[in-house]
Amino acid sequence: MADVEMKPTDDKKKGKKEDENKEEAKEEPKPEPPTPAAEIKSNAAQIERAVSTLEPRFIHRVLRTLTALRKRVDDAALHTAVDGVYTKDSPTKKSLLSWIPAAGSSSGESMEVDSASKTPNEPVPEVEIYLRLLIIYHLLKDKSTYPKALELAHETVEKMQALNRRSMDAIAAKVWFAVQRAYELGAELADARPLFLAAQRTASLRHDDEAQAALINCLLRSYIQYSLYDQADKLVSKTTFPTSASNAQFARYHYYLGRIKAVQLNYTDAHTNLQQAIRRAPPPKTAPGFYQAVHKYFVVVELLMGDIPDRSLFRHQVLEKALGAYFEIVKAVRTGSLAQFQSTLSKYSAQFEADKTYSLIVRLRQNVIKTGIRRLSLSYSRISLRDICVKLNLDSEEDAEYIVGKAIRDGVIEGRIVHEKGWLECTTHKNNYGPEVSELFGRRIAFCLNLHNQSVKAMRYPLNAHRKELDAAEGAREREKELVKEIEEGDIDQDDLGGDF
């Protein structure tokens, strides 16, 4: 009977241990994210560290989490954070808690704060401004607390300007944006314009680049919202945007510049600025609203330049629903159908007015007419102005005559208007395979063939030239052998060969 090899038990044990380790790894729960109150306390510690070590990077690290944190903050979290950061008898704590809605009826989370964890000293003023910023954003979530948010924003600005600390510049830039948002939602944005102008002058004198960039964008938004494009253009020409500003501020600045240039018929510069805004903007899922707003103007400006946007742009996950109306406009411009363009414009007019793109889209009517005239000129060698008026849905034959004349002058089509008979004769239909074209192609083909033949001749070698070289080499070897043989026999001495040999 043949012997049976027994497998070692060590491999089985190892396999079992690996399976147990995998199961333990699967059973281990992922660490839960910190609560908003704990995150606010951690951020306050980071701000104090930045002020004590004079390292602004810690404050920038805190501000990067502001967008996500302000969406998770509620009354209880703010009350707990303020109670944990400040001591019991701190006047700053009482001031901050007075702004938090329903601060007295906070949850049990705020009652379990350990007194030993509270800092014995009063935190730096930057922490207070940061907490005020969070409270402003929290108050802006509810329409009923808009006036309270505006009042708190005013008080925060006064306190910030009274402190006048350079370590507060990064937080101050965020505060100015929150002030603009509070005015935009709770009052008229035009009322904040004098405040922004004075603060912008102060920031430029102090070389506060972050606040200066934020305030320039706030002023541009204020001007554009009230259609004061001339004043916005003067502001751009009189100020210099800081080169050290963040990408988010640069994206807003290029977006506002693109809107100004588009209204001023400078479509090339508008296209460039909007493209820069798209490149510098945050990821689409992080800031979908801004991404959609920029692309709406980008599509309209591309149409005004005579280009058709790429179809894949309208299939983007974030843009597909927002650009639905603009896709219908693109299809109308591409086909040159004035009736489709007018129906789409009337159907989505409310959306275009809300997006502030209605005045730009109305300008596309001339592009649609030009496209339609180009299609008619390619389809007909002769067409009456009356038929053009009917096919393009124009008001009268005189309008059709003026539009066709301008298209001929601009080089959109080639032809002439016969005024006596009232028709358009198109001269674009040439025989592309006539004798002139064939003769021209014949000359080009003959030139290319001649060039090819000359190149081949220049590369050609003499026939059997290598054989002559081989014969000469063999003859030289034989003569050398004969000379060596004669020298060995003594028939030739060195005097006969020459001294130099």
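Modeller: Let us begin with the secondary structure: helices (H or I, at least four residues) and strands (E, at least two) are DSSP runs, numbered from the N terminus. Arginine 375, for instance, has its place in helix α20, residues 364-379. The model is a predicted one, in which local features need pLDDT of at least 70, side-chain atom pairs count only at pLDDT 80 or more, and totals for chains, interfaces and linings use all residues. Residues are numbered from 1 along each chain as its sequence is written, and side-chain values use heavy atoms, with hydrogens and water left out.

Colleague: Is arginine 375 buried, partly exposed or exposed?

Modeller: The classes rest on relative accessible area: buried means under 20%, exposed over 50%, and partly exposed in between (1.4 Å probe, protein chains only). The areas themselves come from the Shrake-Rupley method with a 1.4 Å probe. Arginine 375 has a relative accessible area of 45% and is therefore partly exposed.

Colleague: Which residues form a negative surface patch?

Modeller: Asp471, Glu474, Glu478, Glu482, Glu486, Glu488 and Glu489 form it. One of these, glutamate 488, lies in helix α24, residues 465-489. With a relative accessible area of 67%, glutamate 488 is exposed.

Colleague: Which residues make a nonpolar surface patch?

Modeller: Phe441, Ile445 and Leu449 make one of about 310 Å². Isoleucine 445 belongs to helix α23, residues 435-459, and is exposed at a relative accessible area of 51%.

Colleague: How many salt bridges does the count give?

Modeller: Side chains of opposite charge can pair when their charged atoms come close. The criterion is a side-chain nitrogen of Lys or Arg within 4 Å of a carboxyl oxygen of Asp or Glu. By this rule there are 13 salt bridges. In one of them, glutamate 39 is joined to arginine 72, with the closest N and O atoms 2.9 Å apart. Because glutamate 39 lies in helix α2 (residues 36-53) and arginine 72 in helix α4 (residues 66-72), the pair ties together parts that are 33 residues apart in sequence. Glutamate 39 counts as buried at 16% relative accessibility, whereas arginine 72 counts as partly exposed at 36%.

Colleague: Where do glutamate 128 and lysine 159 lie?

Modeller: These two side chains meet in a salt bridge of 3.7 Å, N to O. Glutamate 128 is in helix α7 (residues 125-139) and lysine 159 in helix α8 (residues 146-163), so parts 31 residues apart in sequence are tied together. Glutamate 128 is buried at 7% relative accessibility; lysine 159 is partly exposed at 30%.

Colleague: How many aromatic pairs are counted?

Modeller: Rings of Phe, Tyr and Trp (its six-membered ring) pair if their centres lie within 6.5 Å; planes under 30 degrees apart count as stacked, over 60 as edge-to-face and the rest as tilted. The count comes to 9 aromatic pairs. Phenylalanine 241 and tyrosine 253 form a stacked pair, 4.1 Å centre to centre with 15 degrees between the planes. This pair links distant parts of the chain, 12 residues apart: phenylalanine 241 is in the loop between α12 (229-238) and α13 (247-263), and tyrosine 253 is in helix α13. Phenylalanine 241 is buried at a relative accessible area of 8%, and tyrosine 253 is buried at 10%.

Colleague: Is the pair of tyrosine 255 and tyrosine 256 stacked or tilted?

Modeller: That pair is tilted, at 5.5 Å centre to centre and 45 degrees between the planes. Tyrosine 255 is buried with a relative accessible area of 7%, and tyrosine 256 counts as buried at 5%. Ring pairs link Tyr255 and Tyr256 with Phe290 and Tyr297 into a cluster.

Definitions and conventions: Patch = residues over 30% accessible without salt bridge, like charges linked within 9 Å, V, L, I, M, F, W, Y side chains within 5 Å. Lys, Arg positive; Asp, Glu negative; His and termini not counted. Charge placed at Lys NZ, Arg CZ, Asp CG, Glu CD.
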